[in-house]
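Work through the exercises below with the sequence and the 3D structure at hand. Each task is followed by a worked solution.

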Amino acid sequence: MKIAKLVAYEVLASGGYPTVEVKVTLDTGAIGIASVPYGASAGKHEAVVLTDQDKTRWNGNGVLKAVDNILNTIVPAIKDIPTENQIDLDTQLIQLDGTLDKAKLGGNAILAVSLAVARATANAKRLPLYRYLIETYHLEPDLNKLPQPMTVIIEGGKHADESTDFQEFCVVAKEQGSVAENVRRCLETYHQLKGILKENKLSTNGGNEGAFAPNGIPTNEKPLEFIVEAIKRAGYTPGGELGIAIDAAASEFYNGNYELKLENRQFTSDELIAYYSEWLDKYPFVSLEDMLAEDDWEGWVKLNQILKAKGIKHIGDDLTVTNIGRLRKAIENDAISGIIIKPNQIGTLSETIACCQIANEHGLITITSHRGGGETNDHFIADLAVAVGSAYVKVGPTRGERVSKYNRLMEIERELRG
Ligand code: PGA
Ligand code: ZN
């Protein structure tokens, strides 16, 4: 199969700025459409989101340069590659760009093409996307164990003003059972949390990812107490059916020291680890993500030893940025036990899947994740998570661009379970 026609254009993402969407038509007539998200707290080692920097449009956040790169540079270079050869196609895209961070053509430009071609080819083969990915990359997920929800229910940091220093507090499904059942449990907890925040005279306004951003919350620990209570009120057992995850996004409050503005405190890496350590036996943690800054390798290694002893997963996001090189370094240093997977951090489908395969080979869990800056309704990550056998899918609880991922996951479950 070959690309017969490819169009690229700006569409709106949830953050109110444009992002890139690509529509590919193959010579069979099959169509694939894909759009890409962007982060609010993007790690500094991520692939570049190419924006126009033209202040007369979208405060400089237009993506017409990325669109132009697709139409005038990328399409001519890939139009003769059979689209079933996704790895060849992605390799060509990587070489065409030639930079380590995809700064030349833009990670957003490259990824939108990579994903749209995969989807078009899956459609041409009349396969659900996850099946096509499994076949193309020779993946071996256990389809009896689908990825389970990790639902962001309180957010702060770069995702909301006047909330916690930490970026995300999640309720996590601990039981393997049905995805639909677990999505319900997580969302019931979210709804209970609303009442608890109100009782505590905290606002229930939303943040970027559709979670509560409780203006006026006094400490970074308070959400943990509230979530435990919300789990109980929803009729579940904290640490039983449901647990808790934090993504501190610590690079965002690191400036040589770790500064928790909410509590008016400064910490060294060791002090911050000690601060976290007091929580570990108090709350039913499943995983902790980006609790230290993206280049604080020493701190990561220390915290990993502590979490390992407690059976809590230690997850890299800004540390690892879905990048094989950084993942390998984290594995060699024994710094993590799991990794966040975000295709737009690296910029091609094949590199994303290679990263998951390495994680799997080394016994790390993968958590496929949405982005906080601007998401679209595209639910490619749900199929990706199923294909690579992710333990969790991390997504917010409300707003169309978030729930589309859960809905796709539940659709896959219905398809598989009949
Ligand atoms: P983002 O953050 O805003 O950079 O997408 C989400 C996350 O850190 O998991
Ligand atoms: Zn993160």
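Helices (H or I, at least four residues) and strands (E, at least two) are DSSP runs, numbered from the N terminus. The model is predicted: local features need pLDDT of at least 70, side-chain atom pairs count only at pLDDT 80 or more, and totals for chains, interfaces and linings use all residues. Residues are numbered from 1 along each chain as its sequence is written, and side-chain values use heavy atoms, with hydrogens and water left out.

**Exercise 1.** Find the helix and strand content of residues 3-133 and of residues 143-418.

Solution. Start with the record: UniProt lists residues 3-133 as "domain: Enolase N-terminal" in an unreviewed entry. This stretch is 38% helix and 18% strand, with 19 Å between its end C-alpha atoms. Next, UniProt places "domain: Enolase C-terminal TIM barrel" (unreviewed entry) at residues 143-418. Here the chain is 39% helix and 17% strand, and the end C-alpha atoms lie 13 Å apart. Such annotations may be inferred rather than shown by experiment.

**Exercise 2.** Describe how helix H4 packs with helix H12.

Solution. Two packed helices are described by the angle between their axes and the distance between the axes. Axes are lines fitted to C-alpha atoms, for helices over the stretch in contact, and angles run from 0 to 180 degrees between N-to-C directions. For H4 (residues 129-136) and H12 (residues 380-388), the angle is about 45° and the axes are 8 Å apart. H4 is therefore oblique to H12; angles under 35 degrees count as roughly parallel, over 145 as roughly antiparallel, 65 to 115 as roughly perpendicular and the rest as oblique. Then list the contacts (heavy atoms within 4.5 Å): Leu-129, Tyr-130, Leu-133 and Ile-134 of H4 meet Phe-380, Asp-383, Leu-384, Val-386 and Ala-387 of H12.

**Exercise 3.** What is the orientation of H5 relative to H13?

Solution. H5 (residues 179-199) and H13 (residues 400-417) pack at about 150°, with axes 9 Å apart. H5 is therefore roughly antiparallel to H13. Val-179, Ala-180 and Val-183 of H5 make the contact with Tyr-406, Leu-409, Met-410 and Glu-413 of H13.

**Exercise 4.** How many aromatic pairs does a search of the whole structure find?

Solution. Rings of Phe, Tyr and Trp (its six-membered ring) pair if their centres lie within 6.5 Å. The search finds 13 aromatic pairs. Ring pairs also link Phe-166, Phe-169, Phe-253, Tyr-254, Tyr-258, Phe-267, Tyr-275, Tyr-276 and Trp-279 into a cluster.

Notes: Chains lettered and ligands numbered in written order. Phe/Tyr/Trp six-rings, centres within 6.5 Å; stacked < 30°, edge-to-face > 60°.
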